[in-house]
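Here is a short tour of one protein chain. Keep the sequence and the 3D view side by side as you read.

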Amino acid sequence: MLKSTLDRIVRSHRNVTSSCSISISISSISGVPKEKVDCVVIGADVVGLAVARELALKGREVLVLDSAPTFSTSTSSRNSEVIHAGIYYPTHSLKPKFCVRGRYLLYKYCSHHNITHKQIGKLIVATGSSEIPDLHNLMHCGIQNGVDGLVMIWRVQKP
Ligand SMILES: Cc1cc2nc3c(=O)[nH]c(=O)nc-3n(C[C@H](O)[C@H](O)[C@H](O)COP(=O)(O)OP(=O)(O)OC[C@H]3O[C@@H](n4cnc5c(N)ncnc54)[C@H](O)[C@@H]3O)c2cc1C
């Protein structure tokens with residue numbers, strides 16, 4: 001039962017990651033299926049698969065396990081698909097650091113692998129003059145976080 005479950009999981013991940021040479025060996029000792037691999041990654045969605053890929057590219061033998069019957073059935077396949085800029089995160093946390101670097105790497109990866117994407121930018125709008133200081137704070141935070149291309153746009157709408 002365990003072996004067939006592992007076989008099924010491994011087969012599906014071999015398909016996904018065939019270009020990264022993730023492989024495993026399954027042996028049976030005294031009727032009990034045993035796994036012996038360098039690394040086990042639990043969770044076959046975007047973070048787990050990225051970690052597994054990186055390990056495999058460095059020559060490690062990796063087994064990816066997931067409680068779901070196949071990969072990418074969870075949050076990663078149903079999110080808003082936005083590549084965040086890193087404007088909102090508190091400057092002295094790891095989030096802006098990872099977000100700004102990850103954003104750069106993700107655009108590069110998409111271009112390199114011809115993955116369709118659009119870099120359309122984002123408008124953050126003050127709906128009244130009382131919200132303008134918030135815009136300045138966000139601008140300051142974004143600059144501190146290393147987000148490039150931030151521009152303040154002024155437009156006075158006539159009634
Ligand atoms: C509504 C929503 C919108 C979002 N929009 C965006 C966005 O626009 N841009 C963005 O960058 N991020 C967005 N996010 C955040 C982003 O989707 C997550 O940070 C990301 O998907 C997390 O990936 P993950 O691989 O860590 O986790 P998950 O995608 O949750 O995958 C976890 C995996 O682990 C498996 N698993 C869990 N428990 C076990 C267990 N005990 N044993 C074995 N396997 C297990 C699950 O089956 C699953 O395959 C959004 C999140 C939500 C909820």
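This is a predicted model: local features need pLDDT of at least 70, side-chain atom pairs count only at pLDDT 80 or more; totals for chains, interfaces and linings use all residues.

## Around the ligand

Helix 2 gives the largest share of the shell around the ligand, with 3 residues. Residues are numbered from 1 along each chain as its sequence is written.

Which residues come nearest to the ligand? Of the 20 residues around it, they are Gly 43, Asp 45, Ser 76, Asn 79 and Ser 80. A residue counts as near if its C-beta atom, placed from the backbone, lies within 6 Å of the molecule. By class, the shell has 7 nonpolar, 10 polar and 3 charged residues. Ala, Val, Leu, Ile, Met, Phe, Trp, Tyr, Cys and Pro count as nonpolar; Asp, Glu, Lys and Arg count as charged; the others, Gly among them, count as polar.

Domain 1 (2–77) and domain 2 (80–144) both give residues to this shell, so the ligand lies between them. The domain bounds come from an automatic or database domain assignment.

## Helix 2

Helix 2 covers residues 46–57, which is 12 residues. From first C-alpha to last, helix 2 reaches 16 Å, close to the 16 Å expected at 1.5 Å a residue. The expected span is 1.5 Å times one less than the number of residues.

Gly 48, Leu 49, Ala 52 and Ala 56 are buried in helix 2. They cover an arc of only 95° around the axis, so they sit on the same side of helix 2. That arc is taken from the directions from the helix axis to the C-beta atoms. Buried means 20 or more other C-beta atoms within 10 Å of the residue's own; exposed means 12 or fewer; partly exposed is in between, with C-beta atoms placed from the backbone. Just after helix 2, Gly 59 takes a positive phi of about 90°.

## Met 139

Met 139 lies in helix 4, residues 132–144. Is Met 139 buried, exposed or partly exposed? Met 139 counts as partly exposed because it has 16 C-beta neighbours inside 10 Å.

Leaving aside neighbours within four places in sequence, Met 139 is in contact (C-beta atoms, placed from the backbone, within 7 Å) with Leu 150 and Met 152. The C-alpha atoms of Met 139 and Leu 150 are 7.1 Å apart.

## The whole chain

The chain has 4 helices and 4 strands. Their pattern along the sequence is α-β-β-β-α-β-α-α. Of its 159 residues, 14% count as buried.

Terms used: Helices (H or I, at least four residues) and strands (E, at least two) are DSSP runs, numbered from the N terminus. Two residues are in contact if their C-beta atoms, placed from the backbone, lie within 7 Å.
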